[in-house]
Amino acid sequence: MTAVPRPSVAMTLPNAIPVKHRGAKVTTFLILVFFALLFALPLYVMIVTSLKSMDEIRLGHIFALPQHPNFDAWDTAWNKAASGFTNTGLKSGFWNSVLILVPSLIMSVSIASICGYALAFWRVKMGNLLLSLLLVCAFIPFPIIMYPLIKMTVALKLYNTSFGVSVVHTILALPILTMIFRNFFSSIPQDLIKAARIDGGRFLGTFVHVILPLSPNILVVVAIMQITGIWNDFLIGLTFGNVQSYPMTVNLNNITQTQTGVRTYNIYMAAALLTAIPPLVIYFISGKLFIRGITAGAMKG
Amino acid sequence: MGPSVIRAATPRQEAFTHKHAATIAALPVLGAALVFYLGSTLWSVVMSFTASKIFPDMTFVGLRQYLRLFKDSLWALSLHNLAIFALGSLLSLVLGFFLAVLLEGDVPGAGIFRTIYLYPMAISLIITGLVWQWLFNPTLGLQQFVRDLGARDFVFNWVADPQKVMYALIVASVWQSTGFYMVLCSAGLKGIDHEVWQASRIDGIPKYRMYLEVIIPMMSFTFLTSLVLLSIGAVKAYDIIVAMTNGGPGGHSVLPSYYIVDMYINRRFIALGAAGSTVLLLIVVAFLVALPLINLGLRRRKA
C-alpha cells in the first residue's frame, strides 16, 4: 500500500535535484575544510613555533614555517627549563604525572567497578538512594569541597604527596565512574548472573569470571577517560601536590610563568607539545572509544 | 528449573554473606560520597557563617561574610564575567550543532574532519590557554600577522584589553569544546527516526526548515544536556584563566572559581572562600532546577 506512491516520487527526484544537490555538497565540503583549518591552526602554530629560534620568532611571522627547524627548544624544555625552584625542565613533571596517574587509575577503576557491579546485580541496602546520592555528588562544584579536602588530606598525612594527589583524583572520579559502570552492567542480562549464582559463584568470583570478561570495552573507555582527565588536570595537582610531586601541567605552567624578561615562546610551545603528546597519542589511536569516554564522562565535575 | 530447585536449599548463611559482600563493596563509595562530598559541602556552608580567617573559627557571624563578599567589587566582577563566559560558551553548542549537521550524510573524509574538530578536547586547558595567549600576542601573534598583510591599524589585542579579555577566553574555550558538542549533537541526530526524513522528502519540505521546525525541537534532550554541561564548564573554569590571563588585566578575567581558590590559597580567608563557594553551589542548584522546568514549560506550550 504505502509502496505505491513512492516510486513516482523517486522518479521525479533524480532529475530535479542533482545539480543543486552537488552544489550544496561542494559548499558543505568547503565550509568543513575552512573549520578544519581553523581548528588545526593552533596545533600548527605550536609545532612551527617550537622548531624556531627566538631570533626567528622575533621577526613576527607566526604562521611561517621555520627557516632552520631544530629541536633545541624541545631539548631545553625537557631537560633544563627553569620552573620556579629548579632548572630540571619538564622531565621530572612527566614522571610525577605517571606516578600520580597509575595509582589513581587502579584505585578509581577497581573501587568504582566493584561498587557499580554490586549496585547492578545485588540487592544492596538502599542502593537506589546511593545512586541518587552519587548523581548529586557529580554536580557539586569542586571549589566547595576543596578546602575541607585539603584539611582531610593533611590529617591523613597525604597532603603535599603524589599519592595524596592520586587519592583526591580517585575521590573525584568515584561518583561518575560508579554510575557509568552500574549503567553498563545493568545492560548485561540478569540471567547470566543468576546462572553464575546457581553454579555457586560468589560475589567477587562472579565479578572476576563472569562480568569482567564481558566488559573489556567499558574498561577501556573508562581508562581512556581517566588517563586523559588525570593527565590534563592542573588544579588538583597544584593544590594537593608540592614541588617534588607537581604533575607535568603544573610544571609547564611554572615554566611559562616564572621566567622574567624575555618570554621564550619556542620553549613554551615545545613544553606544551611534550605535555600534550601522551593524551593526543591516546586520542588518535583510540578514536571512537575516546569519544565514548568523553561523552560518558561528561558529567564529571 | 531443576538445578535451581536444588540450589534453593543453599544454606541461608551463604546468601547472607553474599548480600553482605555486595553491601561492603558499596561502602567505600558511600563513605566517599557522605564524607568527601556531602560532609565537605556542609562544612563549607557552615564555615561561610563563621568568622574563620586563616584558621577555622566557630564564632557565628550570620550573613556578614556574604555582605562582605558582595561588597567586594572583584566578586561582583567575577559573577558578571561568569554570565558573559556562560553566554559566550553557547557558541560551542551552536557551532558544534552546525558542524554535526554538515557532517550528516555522506561527506567525503567525515572521519578526518571529526578527528580535527575534536582533538583540542584531548589537550589540557593549561595548553589551550598558553597557545591562545601566544596567538593573541600583540607584537608577534595574529594582530601582527594581519598588520603585515596591510591592515596597519588592525587591533586584536584582546588578552590585554579589560573590556575584551573575556572574549579572548571564550574564543579559546570554544576552540577547545566545540568538537565535544559536535559529538553530542551527532549522537542526537543519529537518534532521530529515519522515517521523519523520508516523510519530509515526500512532502518536499526544504532541509533547513526541517532542522528548524522538526529536528531541533526533537533534540531538546541533547540540548538540555549540553546546556547543563556548558554551565558546569563555566562554573568550573579555572585552568584556562591561569594559563591565559591569570585573572588580568586588573581582575577583568576573574571567574568565581578562580576567586574562590585564590581566596583559600593566597588570601587565606576561609569564611569568604566558603561563602563564595556556597553561592556557586546555589547557582548550580538554581540552574539544575530551572532548566527542566523551562523545558517542561516549552513542551506544554507546544502541546
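This is a predicted model: local features need pLDDT of at least 70, side-chain atom pairs count only at pLDDT 80 or more; totals for chains, interfaces and linings use all residues.
Colleague: How do you know how far to trust the model of chain B and of the complex?

Modeller: The mean pLDDT of chain B is 88, and 93% of its residues reach 70 or more, on a scale of the predictor's confidence that runs from 0 to 100. For the complex, the predictor gives an ipTM of 0.88 and a pTM of 0.89.

Colleague: What makes up the secondary structure of chain B?

Modeller: Chain B has 14 helices and 0 strands, and the pattern read along its sequence is α-α-α-α-α-α-α-α-α-α-α-α-α-α.

Colleague: How does the radius of gyration of chain B stand against that of a compact globule of 303 residues?

Modeller: A compact globule of 303 residues would have a radius of gyration near 19 Å, whereas chain B has 26 Å. Along the principal axes, the C-alpha atoms of chain B fill a box of roughly 90 × 75 × 40 Å. Buried residues make up 42% of the 303 residues in chain B, and of its contacts with a separation of 6 or more, 70% join residues 24 or more positions apart.

Colleague: Which domains does the assignment give for chain B, and how far apart do their centres lie?

Modeller: The assignment gives domain 1 (1-47) and domain 2 (63-302) of chain B, and their C-alpha centres lie 39 Å apart. The contact between them takes 4 residues from domain 1 of chain B and 6 residues from domain 2 of chain B, and the side given by domain 1 divides into 2 nonpolar, 2 polar and no charged residues.

Colleague: What does the assignment give for chain A?

Modeller: For chain A the assignment gives domain 1 (5-73) and domain 2 (91-299), with 34 Å between their centres, taken over C-alpha atoms. Here the contact takes 9 residues from domain 1 of chain A and 8 residues from domain 2 of chain A. On the side of domain 1 of chain A, α2 and α3 (54-57) of chain A are the elements that give two or more residues, and α2(A) has the largest share, 4 residues.

Colleague: How many residues does each chain bring to the contact between chain A and chain B?

Modeller: The contact takes 73 residues from chain A and 73 residues from chain B. Helix α2 (residues 18-50) of chain A gives the most to the side of chain A that touches chain B, with 12 residues, and that side has 57 nonpolar, 13 polar and 3 charged residues by class.

Colleague: Which residues have the most contacts inside the largest nonpolar core?

Modeller: The largest nonpolar core has 165 residues, and those with the most contacts inside it are Ala118(A), Ala271(A), Ala272(A), Ala26(B) and Leu169(B). Leaving aside its neighbours within four places in sequence, Ala26(B) is in contact with Cys115(A), Ala118(A), Leu119(A), Val124(A) and Leu130(A).

Colleague: Why is Lys157(A) called exposed?

Modeller: Lys157(A) has 10 other C-beta atoms within 10 Å, and a residue is exposed if that count is 12 or fewer, so Lys157(A) is exposed. Lys157(A) is found in the loop between α7 (142-155) and α8 (162-186) of chain A, and its phi is near 60°, a positive value in a residue other than glycine.

Colleague: Why is Asn160(A) called partly exposed?

Modeller: Asn160(A) has 17 other C-beta atoms within 10 Å, a count that lies between the 12 or fewer of an exposed residue and the 20 or more of a buried one, and therefore Asn160(A) is partly exposed. Asn160(A) is also found in the loop between α7 and α8 of chain A, and has a positive phi of about 65° although it is not a glycine.

Colleague: Where is the cis peptide bond that ends at Pro249(B)?

Modeller: The peptide bond from Gly248(B) to Pro249(B) is cis, with omega near -10°, and Pro249(B) lies in the loop between α12 (239-244) and α13 (256-265) of chain B. Most residues other than glycine have a negative phi, and most peptide bonds are trans.

Notes. Residues are numbered from 1 along each chain as its sequence is written. Chains are lettered from A and ligands numbered from 1 in the order in which they are written. Two residues are in contact if their C-beta atoms, placed from the backbone, lie within 7 Å. Ala, Val, Leu, Ile, Met, Phe, Trp, Tyr, Cys and Pro count as nonpolar, Asp, Glu, Lys and Arg as charged, and the others, Gly among them, as polar. The radius of gyration is taken over C-alpha atoms; the globule rule is 2.2 Å times the number of residues to the power 0.38. A nonpolar core is a set of buried Ala, Val, Leu, Ile, Met, Phe, Trp, Tyr and Cys residues joined through C-beta atoms within 7 Å. Domain bounds come from an automatic or database domain assignment.
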